Amino acid sequence: MTGNNKENSATSGNSSGGGAAAEKREREKKEANDNSDDNDDSGNSTSKNLVGMIMGDGDGDGGGGESSRRAAVVVDSETLVAQTQDRLWRALKRRYQYDSSLKPAQDYLLNHVSSKIPLVIMYADLVGSTNMSMSLPVDKLVTIIRSFTQEMSSVVESHGGYVLKYVGDAVIAFFPASYNRYMACDKAVQCARSMITVVKNGINPILNQYDYPELGVKIGIDEGENVIVQYGHDRSSPIDILGYCMNIAAKITSLTGPNRISIGEDVYSMLHPSEKALFEEMDLNPEDWKYRNRVTDQLYKVYTLKMKEGKERERRSS
């Protein structure tokens, strides 16, 4: 065969097979897109696993597990306020009963019994409950305590935290910090700010209409390693947290004013500069404040939310 004949033959072959080749390319393109979708699904699952691990919510199950659901909650103050008012309205009209459970926290801690893990500890204390207990009828006092503790618990859970226990009118909660201390501290502070918003804009407007006194909350937060203790050998035995920062968080709360947030310096050091600007160092009396920094052995600093967050902006501009 001559060179021209070979060229003509090749051209003829390309022409007759062009349609088949185009169809093949279309099939390959479609398969690639399908594989890409599959990979996206796989990537989303992997991302969920990573989110679960980073948030410190356990083993990062990524599927329908409790830890994934907690990490996936979108926090919105307006939504929290609306949900609070709806529940409180119905509770006051005897059409809703609060139902609390400490099981999620106990389940989480069960995996860490007899070990030491980093946690952000939060105390949220109802302001003025002692006076209310002396002046209010029992049924009103019980309604206030129950509403406060349950609504604060809802805010904690919406920010990925766990409610450890209730002590009187106080809610004690924790945020796992094993994988990302920065995120855990930030979540705790944002949770505290949401708590104040829910009390002021969600609970109080409803209570006012029923001739109940307005509520206030004071919040103390600290971070550090804690020992997980189970009081018994059975899986259902109570589990508690023991640690230096548990004591500090409790003491910080006692020094905090109504609708204010105070944090230990270990939490403060983890915050973004824009968040730090909202806090000021608390003036502590060395005679009353004995806690020391575990690294420097200097007096442990405490920072409290400014009365007006705009003060820092004014200071910067002056």
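Here are my notes, point by point.

1. **Ground rules.** This is a predicted model, with local features needing pLDDT of at least 70 and side-chain atom pairs counting only at pLDDT 80 or more, while totals for chains, interfaces and linings use all residues. Residues are numbered from 1 along each chain as its sequence is written, and side-chain values use heavy atoms, leaving out hydrogens and water.

2. **Overall make-up.** The protein chain has eleven helices and eight strands; these are DSSP runs numbered from the N terminus, helices being H or I with at least four residues and strands E with at least two. Of its 318 residues, 42% count as buried. Here buried means under 20% relative accessible area, exposed over 50% and partly exposed in between, with a 1.4 Å probe and protein chains only. Among contacts (heavy atoms within 4.5 Å) between residues at least 6 apart in sequence, 71% join residues at least 24 apart.

3. The whole structure holds nine salt bridges, each a side-chain nitrogen of Lys or Arg within 4 Å of a carboxyl oxygen of Asp or Glu. One of them joins the side chains of Lys103 and Asp107, at 2.7 Å from N to O. Lys103 and Asp107 are about one helical turn apart, because they are four residues apart in helix α4 (residues 103-110). Lys103 is exposed, at 52% relative accessible area, whereas Asp107 is partly exposed at 36%.

4. **The other residues of α4.** Which residues of α4 are buried? They are Ala105, Gln106, Tyr108, Leu109 and Leu110. Their cover includes the strands β1 (116-126), β2 (162-167), β3 (170-176), β4 (217-230) and β5 (239-242).

5. **Pro238, a neighbour of Gln106.** Pro238 sits in the loop between β4 and β5 and is exposed, with a relative accessible area of 51%. Leaving aside residues up to four places away in sequence, Pro238 touches Gln106, Val229, Gln230 and Tyr231. Pro238 and Gln106 are 132 residues apart in sequence, yet their C-alpha atoms are 7.5 Å apart in space.

6. Glu275 and Arg193 meet through their side chains in a salt bridge of 3.1 Å, N to O. Glu275 belongs to helix α10 (residues 273-276) and Arg193 to helix α7 (residues 181-209), so the pair ties together parts that are 82 residues apart in sequence. Glu275 is buried, at 12% relative accessible area, while Arg193 is partly exposed at 25%.

7. Asp266 is buried, with 18% relative accessible area; Arg294, at 39%, counts as partly exposed. Salt bridges with shared partners join Asp222, Asp266 and Arg294 into one network.

8. **Packing of α6 on α7.** How do these helices cross, and at what angle? The axes of α6 (residues 138-158) and α7 come within 9 Å and cross at roughly 135 degrees, which makes α6 oblique to α7. The axes are lines fitted to C-alpha atoms over the stretch in contact, with angles from 0 to 180 degrees between N-to-C directions. Oblique is what remains once angles under 35 degrees (roughly parallel), over 145 (roughly antiparallel) and 65 to 115 (roughly perpendicular) are set aside. On the α6 side, Phe148, Glu151, Met152, Val155 and Val156 meet Cys191, Ser194, Met195, Val198, Val199 and Ile203 of α7.

9. **Two backbone angles to look at.** Most residues other than glycine have a negative phi. Asn259, however, has a positive phi near 55 degrees; this residue is in the loop between α8 (244-254) and β6 (260-264) and is partly exposed at 24% relative accessibility. Asp297 likewise has a positive phi, near 65 degrees. Asp297 lies in the loop between β7 and β8 and is partly exposed, with a relative accessible area of 48%.
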